[in-house]
Amino acid sequence: MKCRFCYVALSTIVLATGCARQETMPELTERVFAIAQAQYRQMDERLSENTLPRTLGPDGALITSDNRWWCSGFFPGSLWYIYEYTGDDTFRSLAEKNTFKLEALKYKGTDHDLGFQMNCSFGNAYRITGDQKFLEPIRTSAQVLAKRFSPITGTIRSWDFVRKGRDWKYPVIIDNMMNLEHLYNAGELFGDDSLKAIAVTHANTTMCNHFRPDYTSYHLVDYDPEDGHVRSKETVQGFSNESAWARGQAWALYGYTMMFRHSGLECYRAQAENIAEMLISRLPEDGIPYWDFDSDRIPDDLRDASAAAIMASAFVDLSSLTNMTGARSKYLAMAEKQLRTLASRTYMAAPGENGNFILKHSVGSVPDDSEIDVPLTYADYYFLEALLKYQNNTQPQPTN
């Protein structure tokens, strides 16, 4: 039986020499998931039948959202990861309950976030259980998302709204790379090559237009919907238009790693490796990025745990896909460094702390003064995902 109260015990193991013994990664993973179980069971008890967790307010109070908030899929997705690790049917029930809070979103065609919302919830549900009741929402929502694709721009439109002071006509953000997994999964599940073709076309267009020569990415590229030419390149949630906003770089690394894993197209592996090399050259010693790599307040600026968690998940994946000499061990080492830092008391909450979120110190949008140095559901989600991937990537393979 797995120990649920090993946080203190594992963190205070001392060798006879007086030096603390470093946890093995299996021990660290066990500790994190024990805390995740305690935190998320209590979190669920605080939610109504129609709400999902979002973050904490300045007073420490829980801020919830309805299912339309772009992050609504991450809490049920994290519950699925806890079930996948523990096999505890309590968490399967909690995951199903919170997943079906999102079912009505399968018809929502007003933005690009259906991938975040439906793939993290229904996609994980079907992957883990094989239960066919999860399939129809996956199919319907993927078809709805595909309708946002323009063959003129070669992209899926991200936002329909225009911000004050911005002259956007067809904005596409780097975050949108993450939603391609939903299209690709649905394409494979239902034999729909048109969904996979849209994902590939969007990834190709983004690779051409979003990246600078050093493989950092703009946040947003605005296209002309009439002829597809690029109107502007911006970094809306970063320090400046030409800066490397950390979470955007994380989306890019994850997105192209994922697209290579699904498609096998070599250009995506090369893109992911180039992004990875850029990140490794710029990350701080502990692996946790500042919210923007080019902030003028470094080293006194905020770190972003969410960006680190996303990167760690992608680094683990890429370590198993790369064929560059020495890259596998380098990428896996960076992922382990990030995971160990995130699992420290600096970033991870103890049970009952942090509004029942797992990780502290994430950053939403500094320019908007929104969600600054707070817990965020997607930080928790990608942290748990990265630990599961690390475990699966490093465990001994059975011999015949």
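**A note on the predicted model**

1. H202 lies in helix 8, where helices (H or I, at least four residues) and strands (E, at least two) are DSSP runs numbered from the N terminus. Since the model is predicted, local features need a pLDDT of at least 70 and side-chain atom pairs count only at pLDDT 80 or more, while totals for chains, interfaces and linings use all residues. Residues are numbered from 1 along each chain as its sequence is written, and side-chain values use heavy atoms, with hydrogens and water left out.

2. H202 is buried, with a relative accessible area of 0%; here buried means under 20% relative accessible area, exposed over 50%, and partly exposed in between, for a 1.4 Å probe and protein chains only. Leaving aside residues up to four places away in sequence, H202 touches G154, T155, I156, V172, N176, M177 and L180, a contact being heavy atoms within 4.5 Å. The side chain of H202 also reaches the backbone nitrogen of I156 at 2.9 Å. A polar contact is a pair of N or O atoms within 3.5 Å; within protein, one must be able to donate a hydrogen and the other to accept it, and residues adjacent in sequence count only if both atoms are side-chain atoms.

3. Helix 8 (residues 193–209) lies across strand 5, strand 6 and strand 7, and runs at about 105 degrees to strand 6. For such angles, axes are lines fitted to C-alpha atoms, for helices over the stretch in contact, and the angles run from 0 to 180 degrees between N-to-C directions. These strands form an open sheet of three, in the order 5-6-7 and with antiparallel pairing. Strand 5 (171–173) and strand 7 (230–234) stand at the edges with a single partner strand each, so one side of each is left without a neighbour in the sheet. Neighbouring strands of this sheet are turned by 20 degrees against each other on average, direction ignored.

4. Strand 5 and strand 6 (residues 220–223) pair in the antiparallel sense over three bridges, where two strands count as paired if DSSP finds at least two bridges between them. P171 has D222 in strand 6 as its bridge partner.

5. Two hairpins deserve a look. Strand 1 and strand 2 (residues 62–65) run antiparallel and are joined by four bridges, with L62 in strand 2 as the bridge partner of L56; five residues lie between the strands, and G60 takes a positive phi near 85 degrees in this hairpin. Strand 8 (residues 362–365) and strand 9 (residues 370–374) pair in the antiparallel sense over three bridges, and S365 stands opposite S370 in strand 9. Four residues lie between strand 8 and strand 9, and D369 in the turn has a positive phi of about 50 degrees.

6. In helix 4 (residues 89–99), the buried residues are F91, L94, A95, E96, N98 and T99. These buried residues pack against helix 2 (25–45), strand 1 (52–56), helix 3 (74–86) and helix 5 (114–129).

7. T110 is found in the loop between helix 4 and helix 5, and is partly exposed, with a relative accessible area of 41%. Apart from residues up to four places away in sequence, T110 touches R68, R148 and D160. By contrast, S78 is in helix 3 and counts as buried at 0% relative accessibility; with the same exclusion of residues up to four places away, S78 touches Y40, D380, Y381 and L384.

8. The structure holds zero disulfides, a disulfide being a pair of cysteine sulfur atoms within 2.5 Å. For C120, the nearest cysteine sulfur, that of C71, is 9.7 Å away, and C120 counts as buried at 4% relative accessibility. For C208, the nearest cysteine sulfur is that of C267, 9.2 Å away, and C208 counts as exposed at 60% relative accessibility.

9. On confidence, the chain averages a pLDDT of 93, and 94% of the residues score at least 70; pLDDT is the predictor's confidence in each residue, from 0 to 100. Over residues 1–18 the pLDDT is below 50, although this stretch has 23 contacts in the model beyond near neighbours in sequence. Where pLDDT is low, the predicted coordinates should not be read in detail.
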